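Look at the sequence and the model below. Then read on, one feature at a time.

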Amino acid sequence: MERTYIKDLKNKVGEEVKICGWVDVRRDHGKLIFVDLRDMTGKVQAVALPNHKEAVAIAGTIRSEWVVEVSGKINPRPEKLVNKNEENGGIEMEIVSINVLNEATTPPLDVCGDGREIDEEIRLKYRYLDLRRPRMQKNIRNRHKVMLLTRNILEKEGFCEIETPNLTIATAEGSKNFIVPSRLEQGKFYALPQAPQQYKQLLMAAGFEKYFQFARCFRDEDTRGDRQPEFTQMDLEMSFATEEDVMRVNEKALIEIVQKIYPNKKIQQVPFPRITYKEAMEKYGSDKPDIRTDKNDPNLLAFAWIVDFPMFEKEDDGKWTFTHNPFSGTKPESYNDLMNKANVENIMAAQYDITLNGSEIGGGSIRNHRPEALRKVLEIMGFDEEKIEKEYGHMLKALGAGAPPHGGIAWGLDRLVMILENEPNIREVIAFAKTGEGKDLMMNAPSEVSAEQLKELGIELKKKTPAKKNAKK
């Protein structure tokens, strides 16, 4: 007998079927033993009756989270016992036989409830159990639906999904890089990408014109509660594009995601409003303002584009730095100032952010596709010729080889799904999340490595010197 998924049982009334899954709850009522069973598609109530003695005997031994194979007949529930709040509330499975596929130790945390009352460190340590709860199953499955729909939307728009490397070179993009030592070339290191920024621009130089991917990004940042050392971007780039072109594609995709996956939610304003950076700071005191008309409505989505950003800002030491990344281009009216390195504080970037309910969920820009323009940006930031050639020489060569005008955007996928799912932080929509301090409590990472591994890599760790105690006077 083939396995039947629980979601299909309502179409099998009067038939004998086999299901596989987990014991959700077992309730012993003496002569009757009720067992709630679940698989990835749903739950169903099953009952072991006295006329199936062997089934009753096994049902009396099973416990929550045991993995079982159950055969039985699907019967309609009596009218007075129908539960209209459950998908399978109108049926019941009469157990004929039970085959225990794997027993389970007593779970260290309840996986049936919402889980919010449980200490988060416990949930992360036993994440493979925590993910069994209905809320987490819904979050991760809806994340998949968002990704799948996005892929389909972009494919119809002519985009090509292309993977880019995770072993690359360290670049200045705002955060510290995670460094990976090379065993074959001792003393040299790879870096994990903070974003696929350079690769996606190189793909434009390569003539693909429309690229996207769900990219893994790595940033070694200081401890912050709602950040992860690795996260996912929906990364997109397109050639011969204006700001309007990029914003149109993204706005269309976001609207379709809400309409098809979250139809219970309402978008406050379509087309999305456009707010200048200057207006946002003056009116709201933030470049990611929450413009909802009713902030108590969890199903109200207020998207907004923030535009017209300054290209540069001063650091504490008085040097200029980029506000977005060094590859952003300028507004056409600021191009001459960039090339003359004049009026720097008023140079405007062709940059745009997309915000949702007070969070930035994406950001992008039209890029500098001419090598001389990128060089001017780096010079304004104080890079000398040697540093420019060492860190950005490959990009300057690529742009000088006939790169078309291009621009793009990246969504913070984790943050977008978090808001759509009404969750308080991104850890609730990431399957195997780390703590706010960047620790993987399930795998115990980061961890020490053996002396042999360090020797292979040509690395020697300095011994920590104990702090000196104050001498007694």
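## A residue in a loop

Is E65 buried or exposed? E65 is buried, because its relative accessible area is 4%, and the cut-off for buried is under 20%. The residue sits in the loop between α1 (53-59) and β4 (67-76). Now compare E65 with N83. The two are 18 residues apart along the chain, and their C-alpha atoms are separated by 23 Å.

## The whole protein

This is a predicted model. The protein has 473 residues, and 47% of them count as buried. Its secondary structure comes to 12 helices and 19 strands. Along the principal axes, the C-alpha atoms fill a box of roughly 90 × 70 × 50 Å.

## Helix α4

Helix α4 covers residues 134-156, which makes 23 residues. At 1.5 Å a residue it should span 33 Å.

Several residues of α4 are buried, including R135, M136, V146, L149 and L154. After α4 comes G158, with a positive phi near 95 degrees.

## Salt bridges

Side chains of opposite charge can pair when their charged atoms come close. The count for this protein comes to 44 salt bridges. One of them joins D130 to R127, with the closest N and O atoms 3.0 Å apart. Why are these two separated by about one helical turn? They are three residues apart in helix α3 (residues 127-130), so about one turn lies between them. In general, an α-helix has 3.6 residues a turn, so residues three or four places apart point the same way. Both D130 and R127 are buried.

K200 has a salt bridge with D235, at 3.0 Å from N to O. K200 is in helix α5 (residues 197-205) and D235 is in strand β10 (residues 230-239), so this pair ties together parts that are 35 residues apart in sequence. Both K200 and D235 are buried. K200 also meets E237 in a salt bridge, at 3.4 Å from N to O. Here too the pair links distant parts of the chain: K200 in helix α5 and E237 in strand β10, 37 residues apart. Both K200 and E237 are buried.

Salt bridges can also share partners. In this way D114, R116, R123, R127, D130, R133, R135, E423 and E428 are joined into one network.

## A charged patch

Which residues form a negative surface patch? They are E313, E315, D316 and D317. D317 lies in the loop between β15 (312-314) and β16 (320-322). D317 counts as exposed because its relative accessible area is 52%, and the cut-off is over 50%.

Most residues other than glycine have a negative phi, and most peptide bonds are trans. Some places in this model depart from that. D308 has a positive phi, near 60 degrees. It lies in strand β14 (residues 303-310), and D308 is partly exposed, with a relative accessible area of 27%. N422 has a positive phi as well, near 55 degrees. N422 is in the loop between α11 and α12 and counts as partly exposed at 38% relative accessibility.

Now the peptide bonds. A cis bond joins V270 and P271, with omega about -5 degrees. P271 is in the loop between β11 (266-267) and β12 (274-276). Another cis bond joins A445 and P446, with omega about 0 degrees. P446 is found in the loop between α11 (413-420) and α12 (451-457).

Technical notes: Residues numbered from 1 in each chain as written. Predicted model: local features only at pLDDT ≥ 70, side-chain atom pairs only at ≥ 80, totals over all residues. Heavy atoms only, no water. Patch = residues over 30% accessible without salt bridge, like charges linked within 9 Å, V, L, I, M, F, W, Y side chains within 5 Å. Areas by Shrake-Rupley, 256 points an atom, 1.4 Å probe, with all protein chains shown as cover. Salt bridge = Lys/Arg side-chain N within 4 Å of Asp/Glu carboxyl O. Lys, Arg positive; Asp, Glu negative; His and termini not counted. Charge placed at Lys NZ, Arg CZ, Asp CG, Glu CD. Helix = DSSP H or I, 4+ residues; strand = E, 2+ residues; numbered from the N terminus. Buried < 20%, exposed > 50% of the residue type's maximum accessible area, 1.4 Å probe, protein only. Expected span 1.5 Å × (residues − 1).
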